Amino acid sequence: MLTLAIDTATKTGGAAVIDNGRVLGEYVLDIERKTHSERVIPAIDSVMKGIGIEMKELGAIAVTYGPGSFTGLRIGLATAKALALSLDIPLYKVDTLEALASQLSYTEGLVCPLLNARRGEIYGAIWASSGQEISCVEPSTAESLADFITRVDPHKKSYFLGEGALEEEEAIKAKLPQAVIVKGTLNYLHPASVGLRALMSEAVNLDLLVPNYLRKSEAEIKKESN
């Protein structure tokens, strides 16, 4: 089944097409000069044209639904819902950090994907990797890095990846000297990983799908304080 995967939750973002576990094409752009609203449709268009398939050939849509950029999540879900509705095909939601962690399923140990959540916090999760598959140890959360690290078993080998891991490398190594900070292409979320992870879940009800922000927005906090 041809599946279009979309990610607008992370700084990179992009689109990919998966066919029964095989990655046919992927488009990723790691720049900050353009917003996700400007990039998502061109990304989808580029990967579809590169493969040589039309929208009507798609069998499903997969999308990251959080955590991540609040604006990016809204854009991604709106785009995914519109496509699924217009094409009358199922939509699959994928946790952003789960998809990122799945990129290290070949390792053995703890996998800790981190994203910058701002306001002195990170979005983080802890997954255990067997060398073939990952299983959830601590679900996605928004908290300080100091609090997050207290739940990472210091006696197990741990891998940290994502933009948050790079930004907090010094602090992580100070508390967990044995931790590996992943760098290179595996450090950012590949849209293809979203599509591959979607194969392990069930389609969602479009009317019930909402972003998983994990915390209140700046606007909500300011409104409550007034």
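In the predicted model, strand S2 (residues 14-19) runs antiparallel to its partner S3, and six bridges join the two. Within this pair, Gly14 is placed opposite Val28 of S3. Both strands belong to an open sheet of five strands with mixed pairing, ordered S3-S2-S1-S4-S5. Strand S3 (22-28) and strand S5 (91-94) form the edges of this sheet, each pairing on one side only. From one strand to the next, the twist averages 20 degrees. In general, the strands of a sheet are paired by backbone hydrogen bonds, in either a parallel or an antiparallel sense.

Two helices were found lying across this sheet. Helix H7 (residues 191-198) lies across S1, S2, S3, S4 and S5, and its direction is at about 40 degrees to S2. Helix H2 lies across strand S1 (2-7), strand S4 (60-64) and S5, with an angle of about 170 degrees between H2 and S4.

Helix H2 (residues 70-87) also packs against helix H1 (residues 36-51). The angle between H1 and H2 is about 35 degrees, and their axes are 10 Å apart. The crossing of these two helices is right-handed. On the H1 side, the contact is made by His36, Ser37, Val40, Ile41 and Ile44, which meet Gly72, Ile75, Thr79 and Leu83 of H2. By class, the residues of this contact comprise five nonpolar and four polar, with no charged residue.

A further open sheet of five strands, also with mixed pairing, has the order S8-S7-S6-S9-S10. Its edges are strand S8 (134-143) and strand S10 (180-181), each of which pairs on one side only. Inside this order, strand S6 (residues 108-118) and strand S9 (residues 158-161) are paired in the parallel sense, with four bridges between them.

The lining of the second largest pocket consists of five nonpolar, five polar and four charged residues.

How values were computed: Residues numbered from 1 in each chain as written. Predicted model: local features only at pLDDT ≥ 70, side-chain atom pairs only at ≥ 80, totals over all residues. Heavy atoms only, no water. Nonpolar A, V, L, I, M, F, W, Y, C, P; charged D, E, K, R; others polar. Axes fitted to C-alpha atoms, helices over the stretch in contact; angles between N-to-C directions. Left-handed = near helix turned anticlockwise from the far one by under 90°. Contact = heavy atoms within 4.5 Å. Pairing = 2+ DSSP bridges.
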